[in-house]
Amino acid sequence: MKKFIALFMLAGFLFSPVITKAQDAEEAAEETTEVVEEATTPEPVAPAVVDDEILEEEKGFHQIIKEKFIEGDPTFMSPVLICLILGLAIALERIITLNLSTTNTKKLLAKVEEALEQGGVEAAKDVTKNTKGPVASIFTQGLMRYSEGIEMVEKSIIAYGSVEMGRLEKGLVWISLFISLAPMLGFMGTVIGMIGAFDAIEAAGDISPSLVAGGIKIALLTTVAGLIVAIILQLFYNYCVAKIDSLVNDMEDASITLVDILVRHKLTK
């Protein structure tokens with residue numbers, strides 16, 4: 001038994017270096033494999049830094065308009081811009097004037113009728129003179145002819161109504177002019193731009209997009225600018241026309257009612 005144990009210990013002593021070397025070889029192989037894997041594993045590529053990431057903030061509306069104005073050539077865009085400025089100035093003046101000319105006709109008629117009953121025609125004149133608007137002005141002219149009869153009152157109201165209507169429509173012809181002129185100026189820029197494009201083609205002897213792009217761009221931008229100006233001014237023009245129609249209808253209805261009041265007042269005198 002002792003001999004068997006001694007032989008077993010001797011065998012273990014002899015084979016232990018071999019086993020150790022094998023284990024060392026396996027560990028070395030594993031380390032080599034890890035190194036190779038690390039070497040062959042692609043490192044994550046950092047995202048490319050785009051110059052525009054430094055991406056500019058979105059441009060403001062006024063900045064875009066300014067750039068398009070310059071690209072369209074100020075020579076052609078300036079007349080269109082002048083049409084817009086002048087047209088808007090006249091339209092805003094008309095809108096303010098028309099809104100100030102609006103009168104509460106029912107309230108005014110009630111005051112005139114009350115003044116006629118309490119103080120006569122002179123009291124009614126004071127009421128109309130102290131009231132602003134075309135309706136009150138027409139009433140004043142009619143009351144001034146009251147002593148000449150109802151027929152003269154009617155004629156005076158009709159004649160002065162035409163004068164007031166002309167005052168209300170003052171300036172609309174200029175807005176209409178700019179509405180027509182702006183697209184024409186835009187189309188003129190279009191034609192001139194196309195002529196420039198064909199001149200460039202003729203000079204180069206070849207049709208190239210880069211040759212005609214500039215002229216066509218100017219042509220399109222001026223056309224768009226003219227149409228936009230016409231659309232904006234057309235909206236203001238239509239508003240003014242609608243407001244004038246409303247005021248004229250009020251004047252006509254109120255004038256008829258005033259004549260009826262004066263007839264009743266004359267009959268009850």
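Let me begin with a term: a residue is called buried when its relative accessible area is under 20%, exposed when that value is over 50%, and partly exposed in between, with a 1.4 Å probe and only protein chains counted. What we have here is a predicted model, in which local features need pLDDT of at least 70 and side-chain atom pairs count only at pLDDT 80 or more, while totals for chains, interfaces and linings use all residues. Residues are numbered from 1 along each chain as its sequence is written, and side-chain values use heavy atoms, leaving out hydrogens and water.

With that in place, Gly171 counts as buried, because its relative accessible area is 16%. Gly171 sits in the loop between helix H6 (150-168) and H7, where helices are DSSP runs of H or I with at least four residues, strands are runs of E with at least two, and both are numbered from the N terminus. From C-alpha to C-alpha, Gly171 is 8.0 Å from Ala91 in space, although 80 residues separate the two in sequence.

Now the whole chain. The protein has eight helices and zero strands, so that reading along the sequence gives α-α-α-α-α-α-α-α. Of its 269 residues, 31% count as buried. A contact means heavy atoms within 4.5 Å, and among contacts between residues at least 6 apart in sequence, 76% join residues at least 24 apart. The accessible surface comes to about 18,300 Å², with 65% of that belonging to carbon and sulfur atoms; these areas come from the Shrake-Rupley method with a 1.4 Å probe, and for residues only the protein chains shown count as cover.

Turning to helix H7, which covers residues 172-204, we find Val173 within it, and Val173 counts as exposed because its relative accessibility is 59%. Val173 belongs to a nonpolar surface patch together with Trp174, Leu177, Leu181 and Met184, with about 500 Å² of accessible area in total. Patches are built from residues with over 30% relative accessible area and no salt bridge, joining like charges within 9 Å and nonpolar side chains (Val, Leu, Ile, Met, Phe, Trp, Tyr) within 5 Å; a salt bridge is a side-chain nitrogen of Lys or Arg within 4 Å of a carboxyl oxygen of Asp or Glu.

In helix H5 (residues 134-144) we find Thr140, which is buried because its relative accessible area is 9%. Leaving aside residues up to four places away in sequence, Thr140 touches Thr128 and Lys129.

Last, the cysteines: Cys83 is buried at 3% relative accessibility, and Cys240 is buried at 0%.
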